[in-house]
Amino acid sequence: MEFEIRLSGSVEVRALGRRNDLGSTKTRLALAALAWDASRTVSVDTLIHRIWDDNPPAKAREALHAHVSRIRKAFRIAGGDAPVITSRTNSYVMNVDPDRVDLRRYTSYVDQARSLKDSDDEGEAIRLLDLAAGLWRGEALAGISAYWAVHLRATVAESSLTAAMVRAEILMGAGKFAEAVPVLLPLVEEHPVDEALVERLALALYGSSRSAEATKLVQRTRQRVVRDIGLDAGRRLHRVHQGILAGTPAAALLGQAGIGRRTPARTTTRIPDNLPRDVPWVGRHDELRLLTAALSETSRTSAPVVTIEAIDGMGGIGKTSMAVHLGHQLREEFPEGRLYLHLHGHASDREPLTAVRALTELLRLLDTPPGELPKDLDGLVSLWRTTVRDRRMLVILDDAAGPAQVRPLLPGASPTAVIVTSRQRLSGLPGVRPVSLDVLPREDAVALFAQRLGGRRTVLASDAAEIVRICGYLPLAVEVMASRLLSRPSWTTSDLLKQLTSGMEHLSEMRDGERTLSHVFGLSYRALTPVQQLVFRHVGLHFGLQFGTHAVAALSGLSFEETERALEELQAHHLISEPTPHRFAIHDLLREYARTLIHNTGDVPGASEQALRRLVDHYVRVADRADRLAYPYRSRMVVDADGGDHSATREPEIADAQAAEQWLITEGANLLRALDWTRRYGSEAQLALHTHVLAGFLDLEGHLETAEPLLRRAVAHWRAVGDDGARARALLDLSAVCAHSGQYEEGDATAREALSIARLLKDEDLESESAHQVSIVLWHTGQYALALPLLERSLDLRLRSNDRLQVARSLNLLGITHLQLGQNESALEYFLRAIAGFTGTDDRGRYRTLNNLGELQQRMGDLEAAERSYREAIDVAATLGSKGDRATLWMNLASVLTPLHKTDEALGLYARVLPVLRGVGDLRGEGIALAGIGRAYRTAGRNESALAQFIASLGVLRRIGATGEVAEVLLDLGQAERDTGRLEQAEAHLEEALALCRRTGARGEEERALEALASLRRARGFAG
């Protein structure tokens, strides 16, 4: 049996089938205090505090030495494998692999599982969670009641909570909803208003065919959230509720909830700000001016004084709204954070928040690690005041029960200011300045009513005055009445007033009375001219959320000018809206109404199908033009969407590559829907052409899952009809998509098939592009030497054609290949020639080559030059690059910022990069980004955090066979393991890295591996 230190359950040492519990509680606690920081130096003062709290014995150092001596004796059961405890000046270090400490291994497994789950390696994540569960033997440091022991238990409990959440999310992602329920249910019982937990339990119940329970859970939670914090539940919980009621498949709701892949928490310094959203402000000018002046004066003073502004008044008077509005208005005055905490002073179903719970929540909002949170009130008060002593923050304590509840929460002598709201006056607080709110003056109440209507009604002054009078000038009641009026498009203020005075209630009828809405819509429709009616009906057929005039002209069959005039009139009638200039939208209910008119107005049978065909053909024609400008390097075929003459049709002006890319991005959602329409209703030939037109857009904008199956169908179609040239081009498109999604084996096979076809056809342009694509896949898989002859052949063919753009592409890829082979001078020559070729012809190629030049400069040790190249590339790509390209540039800049010790900026860039890469399915980029985060952590001295990132990176990169990147990450992982005392694991990973470097011919990385191994072996005491 291996040597092991157990902190889970009773503290003890085990080795060779024997155990030693060390006897004394203090000795066991000393062992735990050293073992928790295995391989790390722990000061004597820290150890004394952990063992004796704040009451050490008179000769604490001598007593500590005695306990360490007992621990050394206990280790003798391990024989020659016994770890050594080294005594240094005022410190000790236990030289043992951290994984020999069960709880260190437990938390490490949980951290790694979370990272692997985020990277979609869920099988390995579950394996690690199972291993972690196998290490759990009961409460940490059982039977020990010291203050530090309590803290350690809280830290481990947080890991246990993380483990449960990760397991539940993986189970649901695999469709095992019933198994997730018992994992989540205890958590929700402990945290009943945690909307994220409730959302997941509701999905688990719903996916287990327990829809009624799921619905009741969401309803109960939403009601409780409203009662407890005075705000409605979040949109995500509402969306899940609606999805359950609508019978949406559980898998679809799971995807909407984002459970399949979670974005890592931002690693940059976070400014806490959890204020509820602000609302447009009306009235209360005197009170607002008074409070703003007082708080602004406080924010500018250098003296640490207690500043408390108290807002009191009856329920519904607007206390919370004013406090939150002040928080948003004074954001710049308090740059170090804005905290909001609901104290539940007047909740109907729960006790007011205790000082302990309130302080715990405030400290958590400031990212205080759970293990550092004291359990007693005095400790929490002290930590809270210490934490905010020098921070210029604003704290809003909402709905206080009274002064006694607030007093422990005050920050003391600090530039932090506090706003307290309560239904009672808060006398007795030191330095409090109360502001009491009454109902609104008549004029302000009328203004609030009109403002909430947003100018969308003609407000009759006499009606408004009477309505707000009936509301008693209470802000909450005024807002409710305004909302009722906005929900009835045909009502005037007179109609609302009639409802209020007659006692009749029709809102429930309006909520489910579609005939009433249709009547209102019909009144507007009948006021239109025949041309406007025609355009309105066809607008309803459009499948996008937003659309332009050209698309509506294609739908309606009218000229651009006629369509433009009709759309202006529809907007004036509030039948459509214009969210952004020249982009229109229609409400879902109006869309549904418009579609019903197509079948009820005598239009030609099949008119809607013909209109949609015109729309799809329009998108294909314009996309073909845009694609040739935005992605000029693609090997293209001639496209004629419908074979018709469109010379008289006015289409969007697209003058250059930037305009083309902008059009593709703006119309991206509509292009995807048009492609889906062709998939369902078009012929195979139309679908193959449509897919070919959009292949570049689909690839570079990350729609890989959409592109891949359609490209396979296109290849099959062109094979069936015997069009080898078209088949080769479809194969090239498929190869590019496979390469970007990490399917390198298939990417290689499809590109080589295209190359064979090109040679048979004796098509030199097609041959050069096919050879280029094969080389890209070889580069991805680290087969650099095999890529060189193909690239040289491709360059030779392109030089014959004198195509400057294509020559520059070959030069760039040759530079990359020589870079990987360690031939830096050749790489530099190729990159400079490529940049010259791209300049003035293709900015996309220019920024990509600048990026590669930055990598070369980085490897040559010129980090400042690399930083300049990356930043220049980012500037060029700012308006042109795809999401994936921009993410790659950010990631590479981060990689050079790390060794320049600009780790905060680097981690911030990685936090932006990961969601983008995961969103577009770029597994190679994701693996590289995870490794980059690990390197930044190492540079910042956070080696334990780095380990989890490196392991997650390896999981992703091994999955796709990215050999070169795997070798680099193994090098980093081995060095991080060496730094944390895991010497055996470090040696194994470094040896694996060395073997991979030799296999791929990566000489620079091979030298790094040899140096790291030699250093490690020297540290272990023998020559390597």
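Predicted model: local features only at pLDDT ≥ 70, side-chain atom pairs only at ≥ 80, totals over all residues.
How many of the 17 residues of H4 are buried?

1. Helix H4 covers residues 102-118. Of its 17 residues, 15 are buried, so the helix counts as mostly covered, buried meaning under 20% relative accessible area. From the first C-alpha to the last, H4 reaches 24 Å, and that is close to the 24 Å expected at 1.5 Å a residue. Asp120 follows H4 and has a positive phi, near 70°.

2. Asp102, in helix H4, forms a salt bridge with Arg137, with the closest N and O atoms 3.2 Å apart. The pair links distant parts of the chain, 35 residues apart: Arg137 sits in the loop between helix H5 (122-135) and helix H6 (147-173). Is Asp102 buried or exposed? Asp102 has a relative accessible area of 0% and is therefore buried. Arg137, at 33%, is partly exposed.

3. The Asp102 and Arg137 pair belongs to a network of salt bridges. Linked in that network are Glu4, Arg6, Glu12, Arg14, Arg19, Asp102, Arg105 and Arg137. Across the model, the count comes to 72 salt bridges. As a general point, side chains of opposite charge can pair when their charged atoms come close.

4. A further salt bridge joins Asp273 and Arg338, whose closest N and O atoms are 3.0 Å apart. This pair also links distant parts of the chain, the two residues being 65 residues apart. Asp273 lies in the loop between helix H11 (250-256) and helix H12 (285-300), while Arg338 is in strand S8 (residues 338-342). Asp273 counts as partly exposed, at 30% relative accessibility.

5. Glu905 forms a salt bridge with Arg871, and their closest N and O atoms are 3.2 Å apart. Here the link is between two helices: Glu905 is in helix H41 (residues 903-920) and Arg871 is in helix H39 (residues 863-877). The two residues are 34 residues apart, and the pair links distant parts of the chain. Glu905 has a relative accessible area of 36% and is partly exposed. Arg871 is partly exposed as well, with a relative accessibility of 31%.

6. On the surface, Glu564, Glu568, Glu569 and Glu578 gather in a patch of negative charge. Which helix gives the most to the negative patch? Helix H25 (residues 560-572) does, with three residues. Glu568 is found in helix H25. The relative accessible area of Glu568 is 49%, so Glu568 is partly exposed; a residue needs over 30% to be part of a patch, and no salt bridge.

7. Val807 lies in helix H36 (residues 804-820). Why does Val807 count as buried? Val807 counts as buried because its relative accessibility is 12%, and the cut-off for buried is under 20%. Leu795 is 12 residues from Val807 along the chain, and the C-alpha atoms of the two residues are separated by 6.1 Å.

Methods
Residues numbered from 1 in each chain as written. Heavy atoms only, no water. Patch = residues over 30% accessible without salt bridge, like charges linked within 9 Å, V, L, I, M, F, W, Y side chains within 5 Å. Areas by Shrake-Rupley, 256 points an atom, 1.4 Å probe, with all protein chains shown as cover. Salt bridge = Lys/Arg side-chain N within 4 Å of Asp/Glu carboxyl O. Lys, Arg positive; Asp, Glu negative; His and termini not counted. Charge placed at Lys NZ, Arg CZ, Asp CG, Glu CD. Helix = DSSP H or I, 4+ residues; strand = E, 2+ residues; numbered from the N terminus. Buried < 20%, exposed > 50% of the residue type's maximum accessible area, 1.4 Å probe, protein only. Expected span 1.5 Å × (residues − 1).
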